[in-house]
Amino acid sequence: MPEEHPDTDPSSTAGASTPADPGMPAGGAPDGGPAPGLAAPGSGTARSGGGLPKPGHFLPGGAGDILTEGDRVRAAQRRQSLGLGKARALGPLDPSLRKTARPLPPAPGTETSFGAPPPTPLGAPVTPLVGTRRTGRARPVGWHEPSSRNGAQFSAEPPPITPPRQYSKAVIAGLSVLALVLVTGGTVGGFKLVNSYDTVDSPMARPSVKKSEAPLPVPADPTVTVTVQPVPDLVRLRKNELYTVGKVPAVNCKEPAIKPNSQSAILRYYNAMLPCLNKAWEPVIRKAGYDFRPPKVVLQSNQAPASTCSGEAETAYYCSADESININWKNDLAGYKEDKLAARLWMMDTLAHEYGHHVQEMTEIITASFSRQGWAKTKAEKLEWARRRELQASCLAAVFLGANQKSLGLSGAKLDLWEWQVQHSGDEYNPKKVRDHGSRKSQWLWAGPAFKSASPASCNTFAAPASKVS
């Protein structure tokens with residue numbers, strides 16, 4: 001049925017107008033009956049003509065859609081009875097009457113002590129609404145409210161453990177028997193496989209060989225490397241086995257019958273004298289427990305170095321790098337022109353002295369002496385180690401000459417001349433005054449006794465006090 005118009009009264013009749021009774025409630029009878037103009041139910045009266053409304057009465061344009069003067073009067077009376085006055089325009093709102101909206105209470109069960117919610121997300125109005133309040137359903141839990149979850153997020157209790165599967169005793173017994181059978185079978189099979197090879201009872205012995213096969217070669221014993229403890233320098237110098245071998249044997253060598261009056265003749269003279277020294281010193285070196293190696297003689301030259309070492313140009317020197325004796329042949333030639341006998345004695349003594357350094361090289365004395373000299377802290381101490389080394393070489397030269405005194409003809413005037421040369425050779429005659437070979441007194445102190453004893457035991461200069469190696 002169409003909705004009734006708010007200003008029309010369905011109980012009024014078209015064209016009728018009845019003033020309101022002041023003693024009666026507006027729009028109704030005094031005893032609560034139907035309002036004036038409305039027919040009682042079942043009375044069959046209508047707003048028009050006393051009959052029921054015809055079809056289309058309340059449709060737009062119908063008889064019931066047209067308001068009569070009475071309808072308007074009754075509507076005005078109804079509005080007056082409701083206490084509604086005439087609408088009036090609202091003036092500007094007094095700010096003092098404006099109240100601040102109270103915050104909505106949190107949802108039940110969502111109280112928390114985490115503080116205020118975070119600021120509003122993007123998209124919220126810049127200017128908040130003032131003086132208004134919206135009502136509606138409970139707000140959902142979201143970014144602006146704390147979570148309503150009451151339970152723990154993680155549980156400290158472990159998950160329930162499913163009990164292992166239980167096997168019956170019969171199954172366990174069957175599996176045990178099967179494992180025992182497998183182990184026993186593997187053991188028996190292994191023994192059969194081992195017995196199929198040709199082995200001996202002892203596992204450490206060599207396997208037996210079939211008669212049709214050649215025997216296997218016996219491996220050689222492994223070489224055992226024994227680390228030899230190094231001998232300290234002072235032990236090598238003061239307790240060398242060279243001092244215990246006894247006298248140097250006489251080898252009946254004679255002075256070469258060569259006149260050293262030229263460079264080539266001087267070289268032939270030394271090379272003829274060298275085998276005599278090798279023959280005398282070889283058994284001594286081997287008896288001391290060292291390897292013997294013959295040295296070589298080379299002549300110094302101004303065009304190229306005679307060896308890998310470099311010594312003083314005015315004197316002869318020994319080179320340990322290639323075990324060579326380097327001779328200044330020009331000095332020998334000048335000395336031979338001045339005094340033939342003195343020159344030959346000087347050349348014989350010079351070769352024996354440099355060979356003494358070769359003896360030190362073969363017995364490792366020269367290496368130990370240079371080691372101690374290198375560790376010396378002062379220049380005086382370094383010079384003392386050099387004098388001990390040089391004085392020992394002169395002493396070893398006297399040992400050789402004394403052992404072969406007769407064959408070399410060192411007697412009478414010849415012996416006196418040799419002794420005079422030794423007593424007048426030393427650091428005093430060095431133009432540079434370097435005290436590295438020993439004084440003339442020290443030279444004879446070691447050479448004199450060694451010539452008479454013919455033994456290297458007289459030449460332990462490294463165990464002597466400093467006063468004897470000045």
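User: How do the axes of α4 and α8 cross, and at what angle?
Analyst: This is a predicted model. In it, the axes of helix α4 (residues 263–287) and helix α8 (residues 379–403) come within 11 Å. They cross at roughly 95 degrees.

User: Is that roughly parallel or roughly perpendicular?
Analyst: Roughly perpendicular, because an angle of 65 to 115 degrees counts as that. So α4 is roughly perpendicular to α8.

User: Which residues meet there?
Analyst: From α4, Met273, Cys276, Leu277, Ala280 and Trp281. From α8, Leu396, Val399 and Phe400.

User: How many of those are nonpolar, polar or charged?
Analyst: The contact of α4 with α8 has 8 nonpolar residues. No polar and no charged residues take part in the contact.

User: Stay on α8. What is its span?
Analyst: The end C-alpha atoms of α8 are 37 Å apart. Its 25 residues should span 36 Å at 1.5 Å a residue, so the two values agree.

User: How many residues of α8 are buried?
Analyst: 19 of the 25. So α8 is largely enclosed by the rest of the structure.

User: Back to α4. What does Gln263 touch?
Analyst: Gln263 lies in helix α4. Not counting residues up to four places away in sequence, Gln263 touches Leu299 and Trp329.

User: How many residues apart are Gln263 and Leu299 along the chain?
Analyst: They are 36 residues apart along the chain. Their C-alpha atoms are separated by 8.5 Å.

User: And the accessible area of Gln263?
Analyst: Its relative accessible area is 38%, so Gln263 is partly exposed.

User: New topic, α6. What does it reach from first C-alpha to last?
Analyst: Helix α6 (residues 340–362) has 23 residues and reaches 33 Å. That is close to the 33 Å expected at 1.5 Å a residue.

User: How many of its residues are buried?
Analyst: 19 of the 23 residues of α6. So α6, too, is largely enclosed by the rest of the structure.

User: What happens at the start of α6?
Analyst: A side-chain oxygen of Asp339 reaches to within 3.4 Å of the backbone nitrogen of Leu341.

User: And what follows α6?
Analyst: Glu364 follows α6. Its phi is near 65 degrees, a positive value in a residue other than glycine. Glu364 sits in the loop between α6 and α7 (365–375).

User: What is the relative accessibility of Glu364?
Analyst: It is 35%, so Glu364 counts as partly exposed.

User: What about Asn252, what is its phi?
Analyst: Asn252 has a positive phi of about 60 degrees, although it is not a glycine. Asn252 is in the loop between α3 and α4.

User: Buried or exposed?
Analyst: Exposed, because the relative accessibility of Asn252 is 64%. The cut-off for exposed is over 50%.

User: Where is Glu255?
Analyst: Glu255 is in the loop between α3 (233–238) and α4.

User: Does Glu255 count as buried or exposed?
Analyst: Buried, because its relative accessibility is 18%. Buried means under 20%.

User: Which side chains does the Glu255 side chain make polar contacts with?
Analyst: One is the side chain of Tyr269, at 3.0 Å. Another is the side chain of Arg344, at 2.7 Å.

User: What else is in contact with Glu255?
Analyst: Leaving aside neighbours within four places in sequence, the list also includes Met348, Ser407, Leu408 and Lys414.

User: Switch to Val434. Where does it lie?
Analyst: Val434 lies in the loop between α10 (412–423) and α11 (440–453). Its relative accessible area is 32%, so Val434 is partly exposed.

User: What is Val434 in contact with?
Analyst: Leu383 and Asp427, leaving aside neighbours within four places in sequence. Val434 and Leu383 are 51 residues apart along the chain. Their C-alpha atoms are separated by 8.7 Å.

User: Last one, the whole protein. How many helices and strands?
Analyst: The protein has 11 helices and 3 strands. From the N terminus on, the elements run α-α-α-α-β-β-β-α-α-α-α-α-α-α.

User: What share of the protein is buried?
Analyst: Buried residues make up 30% of the 470 residues.

User: And what share of contacts is between residues 24 or more positions apart?
Analyst: Such pairs account for 67% of the contacts with a separation of 6 or more.

Notes:
Residues are numbered from 1 along each chain as its sequence is written. This is a predicted model: local features need pLDDT of at least 70, side-chain atom pairs count only at pLDDT 80 or more; totals for chains, interfaces and linings use all residues. Side-chain values use heavy atoms; hydrogens and water are left out. Helices (H or I, at least four residues) and strands (E, at least two) are DSSP runs, numbered from the N terminus. The expected span of a helix is 1.5 Å times one less than its number of residues. Buried means under 20% relative accessible area, exposed over 50%, partly exposed in between (1.4 Å probe, protein chains only). A polar contact is a pair of N or O atoms within 3.5 Å; within protein, one must be able to donate a hydrogen and the other to accept it, and residues adjacent in sequence count only if both atoms are side-chain atoms. Axes are lines fitted to C-alpha atoms, for helices over the stretch in contact, and angles run from 0 to 180 degrees between N-to-C directions. Angles under 35 degrees count as roughly parallel, over 145 as roughly antiparallel, 65 to 115 as roughly perpendicular and the rest as oblique. Contact means heavy atoms within 4.5 Å. Ala, Val, Leu, Ile, Met, Phe, Trp, Tyr, Cys and Pro count as nonpolar, Asp, Glu, Lys and Arg as charged, and the others, Gly among them, as polar.
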